[in-house]
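Hi,

Here is the structure I said I would pass on.

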Amino acid sequence: MEELTAGIGSRVQHARFGPGVIIGVKYAQFVVTFINHGIEEIDKTDPLFEVLYMENQTVEVETVSQVETSLLKILRLWGGFSEIVPLGDRWVGGTMLLQPKDPALKPKEVPIEAFFHKIVMVRDRLRVLEQQINSHKLLSDEDKVNMQQYITRIYGSLTTFNVLFRDKEHWFTGEKGGKED
């Protein structure tokens, strides 16, 4: 049985970003422009995402056969991108306040969950970049090592945010924490 997917122009609702409209359809994500949050890529399986009104419905490429559908579900579940990284309990429901030096300017409050999600996405994208560098066929070993050193330094710069992670296994580690004795 073929499944239909929402197309460009479909109206949607997201629990965090609010109302929006699909402006692009990718393999596993929708590109959505949200009224109050701009353009975001939302995973098609995001439980906080709901299609309110479908426009330009198309047959899912990946649902042509039952085997493809099953394989895609497995890849989405076990692909490194959908890893659930728990926020430290003391931060749940909290906000981050960015206070300008000038008292005439308004401070900016950001939900810690939203900020944490961005930090986790940066970490995941660095991991993907690391994998792509290590498996690149045209880069020399020396080039790979040099690029890997930059990524390690980036991880080191991000260790400040380790306080947000509940479990130490998800922490960023730079050169000091990354070296084995």
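At what angle do the axes of helix α2 and helix α3 cross? Before the answer, one caveat: this is a predicted model. The crossing angle is roughly 170 degrees, with the axes of α2 (residues 112-135) and α3 (residues 141-157) coming within 10 Å. Anything over 145 degrees counts as roughly antiparallel, so that is how α2 and α3 are arranged relative to each other. On the α2 side, the contact is made by Arg123, Leu126, Arg127, Leu129, Glu130, Ile133 and Asn134. Their counterparts on α3 are Lys144, Met147, Gln148, Ile151, Ile154 and Tyr155.

Next, the surface. Val21, Ile23 and Ile39 form a nonpolar patch there, and together they have about 240 Å² of accessible area. Ile39 counts as exposed because its relative accessibility is 57%, and the cut-off for exposed is over 50%.

Then there is Glu55, in the loop between β6 (49-53) and β7 (58-59). Is Glu55 buried, partly exposed or exposed? Its relative accessibility is 29%, so Glu55 counts as partly exposed. If you set aside the neighbours within four places in sequence, Glu55 is in contact with Ala6, Gly7, Ile8, Gly9 and Ser10.

Cheers

Key. Residues are numbered from 1 along each chain as its sequence is written. This is a predicted model: local features need pLDDT of at least 70, side-chain atom pairs count only at pLDDT 80 or more; totals for chains, interfaces and linings use all residues. Side-chain values use heavy atoms; hydrogens and water are left out. Patches are made of residues with over 30% relative accessible area and no salt bridge: like charges are joined within 9 Å, nonpolar side chains (Val, Leu, Ile, Met, Phe, Trp, Tyr) within 5 Å. Accessible areas come from the Shrake-Rupley method with a 1.4 Å probe; for residues, only the protein chains shown count as cover. A salt bridge is a side-chain nitrogen of Lys or Arg within 4 Å of a carboxyl oxygen of Asp or Glu. Buried means under 20% relative accessible area, exposed over 50%, partly exposed in between (1.4 Å probe, protein chains only). Axes are lines fitted to C-alpha atoms, for helices over the stretch in contact, and angles run from 0 to 180 degrees between N-to-C directions. Helices (H or I, at least four residues) and strands (E, at least two) are DSSP runs, numbered from the N terminus. Angles under 35 degrees count as roughly parallel, over 145 as roughly antiparallel, 65 to 115 as roughly perpendicular and the rest as oblique. Contact means heavy atoms within 4.5 Å.
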